Amino acid sequence: MPIQLHESDFYTWTRRQAELLRAGQFGELDTANLIGELDSMGARERRELVNRLAVLLAHLLKWRDQPERQGNSWRRTIRIQRIEVADLLGDNPGLKPELADLFVRAYAKARILATDETRFDESTFPSEAPFTLEETLDPAFFPTE
């Protein structure tokens with residue numbers, strides 16, 4: 001029954017699992033699906049961090065390579081993404097040991113985003129990030145050519 005509910009009405013399933021936990025009725029929990037959902041929640045946080053870093057890095061690339069288009073909108077996006085990354089790391093300190101690897105993954109996405117948004121050839125952007133992780137997250141850092 002719990003497995004069917006998990007698949008047919010996720011919201012009701014989550015409410016039921018929370019009730020069972022609060023009541024200490026651990027034997028009635030849908031543990032297999034709970035484990036899967038907890039794993040999935042952690043993966044979502046990791047993906048969110050990669051996506052925020054990718055947007056930040058793409059804007060830093062555009063800032064560096066299109067100085068004539070630098071403006072308040074790009075500056076605002078860079079600032080906001082830095083805040084969002086800091087918030088994600090503050091809420092999920094367990095992601096910090098993975099940050100260097102996630103930064104590499106994010107940069108691969110950032111090259112694609114920057115290519116799409118600038119219409120430059122992807123080879124315009126270095127295959128490895130031209131900024132360090134520390135620079136990327138530094139509120140005062142805005143790259144120049």
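**Entry 1: the pocket**

How much space lies in the largest pocket? I read off about 150 Å³. Before going on, I noted that this is a predicted model, with local features needing pLDDT of at least 70, side-chain atom pairs counting only at pLDDT 80 or more, and totals for chains, interfaces and linings using all residues. I also noted that residues are numbered from 1 along each chain as its sequence is written, and that side-chain values use heavy atoms, with hydrogens and water left out.

A pocket here is an open set of points on a 1 Å grid over the protein atoms alone, where a 1.4 Å probe fits, with protein on both sides within 12 Å along at least five of seven lines; lining residues have an atom within 4 Å of a point. The volume is the space filled by probe spheres set on the points, which are joined across faces, edges and corners.

Then I listed the lining: Phe10, Trp13, Thr14, Gln17, Ala18, Leu21, Leu34, Glu37, Leu38 and Met41. (Helices are DSSP runs of H or I, at least four residues, numbered from the N terminus.) By type I have seven nonpolar, two polar and one charged. Ala, Val, Leu, Ile, Met, Phe, Trp, Tyr, Cys and Pro count as nonpolar, Asp, Glu, Lys and Arg as charged, and the others, Gly among them, as polar.

**Entry 2: salt bridges**

How many salt bridges does the structure hold? I found eight, each a side-chain nitrogen of Lys or Arg within 4 Å of a carboxyl oxygen of Asp or Glu. I looked up three of them.

Arg16 pairs with Glu28 at 3.4 Å, N to O. Arg16 sits in H2 (residues 10–23) and Glu28 in the loop between H2 and H3 (31–65), so this bridge ties together parts 12 residues apart in sequence. Arg16 is partly exposed at 34% relative accessibility, and Glu28 is partly exposed at 45%. (Buried means under 20% relative accessible area, exposed over 50%, partly exposed in between, with a 1.4 Å probe and protein chains only.)

In the bridge of Arg52 with Glu84, the closest N and O atoms are 3.9 Å apart. The pair links Arg52 in H3 to Glu84 in H4 (residues 72–91), 32 residues apart.

Glu117 and Lys62 meet at 2.4 Å, N to O. Glu117 lies in H5 (residues 99–118) and Lys62 in H3, so the pair ties together parts that are 55 residues apart in sequence. Is Lys62 buried or exposed? Lys62 is buried, at 5%, while Glu117 is partly exposed at 40%. I also jotted down a network: salt bridges that share partners join Arg16, Glu19 and Glu28.

Which residues of H4 are buried? I wrote down Trp74, Ile78, Gln81, Arg82, Val85, Leu88 and Leu89. They lie on the same side of H4 because they cover an arc of only 130° around the axis, taken from the directions from the helix axis to the C-beta atoms. Asn72, Arg79, Gly90 and Asp91 are exposed on the other side of H4.

**Entry 3: a positive phi**

Last, I checked Arg119, in the loop between H5 and H6 (133–137). Its phi is near 70°, a positive value in a residue other than glycine. Arg119 is exposed, with a relative accessible area of 76%.

Note on methods: Helix = DSSP H or I, 4+ residues; strand = E, 2+ residues; numbered from the N terminus.
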